[in-house]
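Me: I'm new to this one. Can you walk me through it?

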2 protein chains.
Amino acid sequence: MHTCEHCEARSFNMCNALDADELARLASIMSDQRFEAGTTFIEEGAPADDLFNLTSGTVKVFKLLADGRCQITGFMMAGDFLGLSRGGTYAYSATAITPVTCCRFQRPQLRGLFNELPKIERQMLGLAMNELMAAQDQMVLLGRKTARERIASFLLSLSDRAVRRGRPGNPVELPMTRGDIADYLGLTTETVSRTFTQLKGEAVILLKGNHGVDIQDLDALVEIAGQEDREACFHPFDQIA
Amino acid sequence: MHTCEHCEARSFNMCNALDADELARLASIMSDQRFEAGTTFIEEGAPADDLFNLTSGTVKVFKLLADGRCQITGFMMAGDFLGLSRGGTYAYSATAITPVTCCRFQRPQLRGLFNELPKIERQMLGLAMNELMAAQDQMVLLGRKTARERIASFLLSLSDRAVRRGRPGNPVELPMTRGDIADYLGLTTETVSRTFTQLKGEAVILLKGNHGVDIQDLDALVEIAGQEDREACFHPFDQIA
DNA sequence: CGTATATTTGATATCAATCAATACTCGTGG
DNA sequence: CCACGAGTATTGATTGATATCAAATATACG
């Protein structure tokens, strides 16, 4: 019997809003899946047959322009949903940047479940609202922040996210490459690297190899980021009604 | 009796998914409201007591940084919802840029209605998904497009939106100022102006005073925008399941 | 009409992109 | 265990797109 032991306790996800029967019903229509690092398992424009709920690992969600320019719209982790579609085709591409495990739902079956369990719909609405607010923060970052502010905001948001998931907020783990960070923040690899170096020189951070950052002066980092409200997750109702 | 005669027929909104009884129930908890141009009726951080559904006019939704930098995250029109909150306070500010009429819902009452009419929840989920996809397109624009591409994309998206609302797609109406456009596209007033002038010089557009643009060469504009998929609105289920 | 506001246009500055090496990391096999 | 190599990151020099600063027009509104 498939329960949700793999859904991390603090993660804001579908499972923790359902009772045992409902979980069983949910489990009956989902299958576990695993992707190697580097696997692109959702391609923008392809038929959107499945919906995924990550249980471990990190995924980059991105859109490409015709000439290859890439904008990463988010890094997805355990608890996050993937597979938003527009007119039956995926609205973005998704690539595993670490090995990933997830639950796969087939759309027709999920459709039925939605009618059976309105709770799930509410939960999804809450998740969508959270994503929407994160998207708005990212628009502020991309439209109006300097490279320095972007990097500081990024580190803080990764740290907050780790804490929310019950992990230490420091040091910050960076499973993605500098290029991925650049594609997420609307910068280039070189600018990301230079900015890290600069913050290191000011003793605000310490680089732990290529995939870790130790925050040495949190106050300074918050100051640099331009202290917008730190992100938080609430019950769906908080956002809508 | 309050019906939805003011909800524009082609607009993707709550009312057209409900039957007469449900509409009446909805009407019973909402009140009409009007705002003059220039009125800021939602302030980021203020207690989020109300939710608004626009019936006419245009509203800019924005976030401010501490030093006054502004990012407009969207222009809202008839059918759109306003009042997203985070922990009981509004997540953004909203200012009418033309005279605006809207329906106001008080949260506690709306909360009850949600439990009564799950349809509304599904409709809201669909709206949220559409907004999320628009937000992702905007991230691509802000993170990776040139000023020229941003202006072209903006004009096309306003045109599409007008068509979807049953209005002519050309000429494009621009109720907002150059400064608003700049704050939406992550540019400055001057760059917006220069880019309009440039496109006019290439006979791609024709400026009709300060608040109108005639698209003279649609193909060229699409080409400049970098032809991502044109936006479209679908049934909520299309996006989720 | 005249005044305030919004827009356009011009000159210059600047931040980040680009182009170009160099250095580091990490996995692999000798 | 170390050397190699491919990918990844850093650093440097220069360019370039857009911001900034500064007038000059145009538009809208009382």
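Me: Is Phe52(B) buried or exposed?

Reply: This is a predicted model, to begin with. In it, Phe52(B) is buried, with a relative accessible area of 3%.

Me: OK, charges next. What does the charged end of Lys60(B) sit over?

Reply: The ring of Phe62(B), 5.8 Å from its centre. In chain A, Lys60(A) lies over the face of Phe62(A), also with 5.8 Å to the ring centre.

Me: Which residue does Lys60(B) meet in a salt bridge?

Reply: Asp180(B), at 2.9 Å from N to O. Lys60(B) is in strand β4 of chain B and Asp180(B) in helix α5 of chain B, so the bridge ties together parts 120 residues apart in sequence. Both Lys60(B) and Asp180(B) are buried.

Me: How many salt bridges are there over all chains?

Reply: The structure holds 24. Between chain B and chain A the count is 10.

Me: Give me one that crosses. Which residue does Arg86(A) form a salt bridge with?

Reply: Asp137(B), with the closest N and O atoms 3.2 Å apart. It runs from strand β7 of chain A to helix α3 of chain B. Arg86(A) and Asp137(B) are both buried. They also belong to a network of salt bridges with Glu44(A) and Lys63(A).

Me: What about Asp183(B), which residue is its partner?

Reply: Arg144(A), with 2.9 Å between the closest N and O atoms. That pair goes from helix α5 of chain B to helix α3 of chain A. Arg144(A) counts as buried, at 15% relative accessibility.

Me: Zooming out, how much area do chain B and chain A bury between them?

Reply: About 5500 Å², with 61% of it on carbon and sulfur atoms. Arg86(B), Met139(B) and Arg144(B) supply 15% of the area that chain B buries against chain A, more than any other three residues. The contact takes 56 residues from chain B and 56 residues from chain A. There are 20 residue pairs in polar contact between the chains, both residues at pLDDT 80 or more. On the side of chain B that touches chain A, the largest share comes from α3(B), with 18 residues.

Me: New topic. Where is Ser93(A)?

Reply: Ser93(A) is in strand β9 of chain A. It is buried, with a relative accessible area of 9%. Its side chain reaches the backbone nitrogen of Glu44(A) at 3.0 Å. Beyond its sequence neighbours up to four places away, Ser93(A) touches residues including Ile42(A), Lys60(A) and Phe62(A).

Me: Last one. How many helices and strands does chain A have?

Reply: Chain A has 8 helices and 13 strands. Of its 241 residues, 56% count as buried. Among contacts in chain A with a separation of 6 or more, 71% are between residues 24 or more positions apart.

Methods:
Residues numbered from 1 in each chain as written. Chains lettered and ligands numbered in written order. Predicted model: local features only at pLDDT ≥ 70, side-chain atom pairs only at ≥ 80, totals over all residues. Heavy atoms only, no water. Buried < 20%, exposed > 50% of the residue type's maximum accessible area, 1.4 Å probe, protein only. Lys NZ or Arg CZ within 6 Å of the ring centre and 35° of its normal. Contact = heavy atoms within 4.5 Å. Buried area = accessible area lost by both parts, 1.4 Å probe. Salt bridge = Lys/Arg side-chain N within 4 Å of Asp/Glu carboxyl O. Polar contact = N/O pair within 3.5 Å; in protein donor to acceptor, adjacent residues only side chain to side chain. Helix = DSSP H or I, 4+ residues; strand = E, 2+ residues; numbered from the N terminus.
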